[in-house]
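Work through the exercises below with the structure open. Each task is followed by a stepwise solution.

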Amino acid sequence: MGKNREIKGGGYLQGIIKVPGDKSISHRSLILGSIAKGETLISGFLYSEDPLSTASCMRKLGVEIPEIIKDKPFKIKGVGLEGLKEPLEILDCGNSGTTMRLLMGLLAGRNGKSFILIGDESLSERPMGRVSKPLQLMGGQLFGRANGEKAPITVIGKNLKGCLVGTPVASAQVKSAILLAGLTASGSTSVIEPASSRDHTERMLKAFGANIEIRGEFRRNIVIHPGKELIGQEILIPGDISSASFWMIAASIIPNSDVTINNVGLNPTRTGILNIMDSMGCDYKITNKKVIAGEPIGDINVKTANRLNPFIIEGDILPRLIDEIPILTVAACFCEGISEIKDAKELRVKETDRLKVMARQLKRFGAEINEKEDGLVINGNSKFIGTEVDSETDHRVSMSLAVASIMAEGSSTIFRSEASNVSYPGFWEDLTKLLKK
Ligand code: S3P
């Protein structure tokens with residue numbers, strides 16, 4: 001049974017918080033720590049369902065990962081790239097696309113060992129061919145349901161050969177899978193994406209001592225040369241800008257708000273939302289900028305905007321704000337004019353079809369949204385009336401609907417609100433802390 005939450009509209013947001021650790025970096029810290037030689041110390045890890053799925057898979061692959069306790073740093077004893085065991089059990093990736101896709105890349109080159117990857121109902125419907133196809137080009141043997149496209153996925157480990165891969169989608173999960181496979185391929189592996197996706201894997205591989213080269217700035221060509229042993233590191237994970245974005249938008253659109261979010265990751269491949277907030281005319285300031293463990297971070301203060309201009313999202317910015325589209329759709333409902341989200345077909349293959357689900361749910365409040373094949377057209381100046389809405393099991397939808405409910409007149413109920421645990425376990429507590437009446 002899902003957990004229903006009631007939110008009364010009105011009030012304002014005020015206070016200082018710290019959002020949980022970055023989800024993408026948390027997954028990668030476990031994976032690279034596991035395949036490095038020596039110990040990796042991880043602090044700021046995101047204690048939520050998705051990264052915990054990666055932890056449980058890595059344990060089944062023979063890596064000693066202690067019980068992870070929220071807010072407590074922990075150490076992993078790496079087993080080296082060749083040290084991963086053939087597991088007795090299937091590897092359950094839960095709801096986590098990052099776990100499944102990165103593991104496909106990591107395991108494809110474990111010659112002589114076999115692996116079975118499964119996921120929940122949502123993950124089992126998401127496209128996996130985008131990962132298995134390039135890995136097959138490298139000599140990988142991966143099989144799946146629906147003609148290889150869907151989980152359960154079977155990986156028969158093989159000796160891989162490096163090659164040049166042009167990915168059809170700008171996806172950090174696809175790119176990372178290929179780079180992980182390239183670590184033990186014979187010869188170098190080169191990845192070219194149609195637009196730059198988040199680069200946490202490249203940064204962390206470099207920090208662990210991998211021989212990785214980034215050629216070009218816009219059409220980046222990422223080359224991994226095998227043969228270098230990875231060495232355990234200390235990793236300090238910053239707050240997740242994708243989690244912070246709920247408060248950044250909430251504070252911008254809810255009258256009289258003033259919120260500071262400390263220690264937020266500001267990797268430029270993730271900050272597309274700031275560009276859109278600039279074009280909306282949002283009132284925000286970033287202070288305490290520094291670089292920690294190869295990732296830029298800072299504190300973000302956001303105050304209610306005087307006026308909210310409509311915006312257009314299209315083209316190369318998409319990968320830089322891919323997870324922020326649900327909350328930006330909420331923002332668009334309160335801008336003065338028509339906003340458009342284009343080139344966003346990828347949203348249809350996330351945890352849910354986020355274009356369809358956001359349009360369907362926000363219309364219940366009274367939003368005017370037109371769904372297009374690759375995006376949304378949103379007529380701003382909406383007046384939201386409290387209603388019953390449903391996360392449809394999607395974490396980012398659940399949290400976006402919470403922000404929308406505060407903007408509604410009267411009270412709203414969010415069904416299956418617990419979906420937020422996938423990426424932001426303390427979300428509802430933080431909301432209670434920030435929301436003043
Ligand atoms: C992620 C990449 C993105 C993002 C997801 C996490 C990652 O997916 O939506 O939440 O950690 O690599 P795609 O790479 O499929 O765009």
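**Exercise 1.** List the residues that surround the ligand, and sort them by class.

Solution. Start with the shell: K23, S24, R28, T98, R101, S171, A172, Q173, R198, I322, D323 and K350 surround the ligand. A residue counts as near if one of its heavy atoms lies within 4 Å of the molecule. This is a predicted model: local features need pLDDT of at least 70, side-chain atom pairs count only at pLDDT 80 or more, and totals for chains, interfaces and linings use all residues. Residues are numbered from 1 along each chain as its sequence is written, and side-chain values use heavy atoms, with hydrogens and water left out.

Next, sort. The shell holds two nonpolar, four polar and six charged residues. Asp, Glu, Lys and Arg count as charged; Ala, Val, Leu, Ile, Met, Phe, Trp, Tyr, Cys and Pro as nonpolar; the others, Gly among them, as polar.

**Exercise 2.** Which elements give two or more residues to the shell around the ligand, and which domains contribute?

Solution. The elements are α1 (23-35), α3 (97-108) and α6 (172-182). Helices are DSSP runs (H or I, at least four residues), numbered from the N terminus. The largest share, three residues, comes from α1. Domain 1 (5-21 + 238-436) and domain 2 (23-236) each supply at least three shell residues. Domain bounds come from an automatic or database assignment.
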